Amino acid sequence: MIKNVVFDVGDVLVDFRYRDLMRDLGFDEECVEFLSKNIVETEFWHELDLGVKCHQDGIDTFTEAFPQYKEQILKFWDNIKDIVCEYDYAPGLIKSIKDQGFGVYILSNYPKETAELHWPTFKFLPLTDGHIISAYEHVTKPDEPIYRLLESRFGIKLEECIFVDDRQVNIDAANSYGMTAILFKGYDQLLDDLAGYGINIK
């Protein structure tokens, strides 16, 4: 029996818009592509999610590694608060699920410093029953300990949860730990998938 829905945050409830942020800051497409591939889409960002690196580590590391882009790297980090934007549908989605009697939880890979900037602003967050942020726990998806932490901290069973995430590796992990997992490809698709489990969003 499904009793809870567990959501990822980035690119599910909020737009992780790092490329658009760079464009907003006036970076040309060559710079956007380079910084995306060599900063955000790297193991370093995973270390931010793990809470073992901080923003200053990134500034120091990447301005030294890529001095030709020092100005842009500094500007990027100065404006890091704008790297996400909450999707308009997120609060209503959570509320509708809650109104049907389901628990709603958040399980997110997220750096600590950006979480401190962003999470107090998320309108959906107060509607949930609890959340886990990877950087505070020093564990990340898809590793099993962060999923088990969800069980132990909130007294729920993974076998009674639907898990929604945009990354296949996290979906595969959730399935292997007993969760019912939905790969997020878009809001309309999510509504169709949830309806298949008897959760109908207004």
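The model is predicted: local features need pLDDT of at least 70, side-chain atom pairs count only at pLDDT 80 or more, and totals for chains, interfaces and linings use all residues. Residues are numbered from 1 along each chain as its sequence is written, and side-chain values use heavy atoms, with hydrogens and water left out.

Of its 25 lining residues, Phe16, Trp45, Asp49, Asn109 and Arg167 are the closest to its centre. A pocket is an open set of points on a 1 Å grid over the protein atoms alone, where a 1.4 Å probe fits, with protein on both sides within 12 Å along at least five of seven lines; lining residues have an atom within 4 Å of a point.

**Helix H3**

Which helix gives the most to the lining of the largest pocket? H3 does, with three residues. Helices are DSSP runs (H or I, at least four residues) and strands likewise (E, at least two), numbered from the N terminus. In H3, Phe44, Trp45, Leu48, Asp49 and Leu50 are buried. Buried means under 20% relative accessible area, exposed over 50%, and partly exposed in between (1.4 Å probe, protein chains only). Just after H3, Gly51 takes a positive phi of about 80 degrees.

**Aromatic pairs**

The whole structure holds 17 aromatic pairs. Rings of Phe, Tyr and Trp (its six-membered ring) pair if their centres lie within 6.5 Å; planes under 30 degrees apart are stacked, over 60 edge-to-face and the rest tilted. Two tilted pairs are shown here.

| Pair | Centre distance | Plane angle |
|---|---|---|
| Trp45 and Trp77 | 6.2 Å | 35 degrees |
| Tyr105 and Phe154 | 5.1 Å | 40 degrees |

Trp45 in H3 and Trp77 in helix H5 are 32 residues apart. Tyr105 in strand E4 and Phe154 in helix H9 are 49 residues apart. Tyr105 is buried, at 9%, whereas Phe154 is partly exposed, at 24%.

**Ile132**

Ile132 sits in strand E5. Its relative accessible area is 0%, so Ile132 is buried. Not counting residues up to four places away in sequence, Ile132 touches several residues, including Ile106, Leu149 and Phe154. Contact means heavy atoms within 4.5 Å.
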